Amino acid sequence: MSETNGKPARAWQRMLSGRRLDLLDPSPLDVEIADIAHGLARVARWNGQTVGDHAFSVAQHSVLVCEIFRKLNPEATARQQMAALLHDAPEYVIGDMISPFKAALGDDYKLVEKRLQNAVHLRFALPVELPAALKKEIKRADRVSAYFEATRLAGFDEKEAAKFFGRPRGIHADDLDLSPLPTVQAQACFMDCFHGIETLIADLRATG
């Protein structure tokens, strides 16, 4: 850990919930869904380079990926849907860095991101390491979302977007809401999606 004036540099962040999250060794006990929703709703996708009066937030992207994941995997369990919704949860702390910058930062960034993702998974009773097949399907939904965000919001033409994200199959932009939402509304949509999935999990637990 780096030092400031001979003392270890602060490696934690105070959350609005009152939790103090250690960024280098995050505890699941310090992860709160309200903090995640608040943070993601204030992080812009594409470094904010999107059309519209509002940024297209990571919170809105997360809900969109969950929706696409459901369309592509209609038999998905509630916990699998939860994993899709929370796939970018670490960004409530570390922000959304575009892929070229992530590559430049290398393993240090990936390690911090991985530790945060592990803590989020443990907090919401998900496997620390998701099954490979599930990760593949979530990534597939993520790339579909990225393609439509790129072409409808971020100025990419279809050929360019297809080169980076692949061309979606079975999903059409007209079936998705890509209108950038105000921050508070995006935050509420994320929370609504989370609570809807949480209710499904509780119902299955009660009947099982």
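In helix α3, the residues Ala 78, Gln 81, Met 82, Ala 83, Ala 84 and Leu 85 are buried, where buried means under 20% relative accessible area with a 1.4 Å probe, protein chains only. Because 6 of the 8 residues of α3 (residues 78-85) are buried, this helix is largely enclosed by the rest of the structure. The model is predicted, so local features need pLDDT of at least 70 and side-chain atom pairs count only at pLDDT 80 or more, while totals for chains, interfaces and linings use all residues. Residues are numbered from 1 along each chain as its sequence is written, and side-chain values use heavy atoms, without hydrogens and water.

**Surroundings of α3**
- The buried residues of α3 pack against α2 (58-72), α7 (132-152) and α9 (183-207).

**The chain as a whole**
- The protein chain has 9 helices and 4 strands (DSSP runs: H or I of at least four residues for helices, E of at least two for strands, numbered from the N terminus).
- Of the 208 residues in the protein chain, 45% are buried.
- Among contacts (heavy atoms within 4.5 Å) with a separation of 6 or more, 63% join residues 24 or more positions apart.

**The second largest pocket**
- This pocket (an open set of points on a 1 Å grid over the protein atoms alone, with protein on both sides within 12 Å along at least five of seven lines; lining residues have an atom within 4 Å of a point) is lined by residues including Arg 79, Met 82, Phe 194 and Glu 198.
- The elements giving two or more residues to this lining are α3 and α9.
- The largest share of the lining, 5 residues, comes from α9.

Definitions and conventions: Buried means under 20% relative accessible area, exposed over 50%, partly exposed in between (1.4 Å probe, protein chains only). On a 1 Å grid over the protein atoms alone, a cavity is a set of points where a 1.4 Å probe fits but cannot get out, and a pocket is an open set with protein on both sides within 12 Å along at least five of seven lines; lining residues have an atom within 4 Å of a point.
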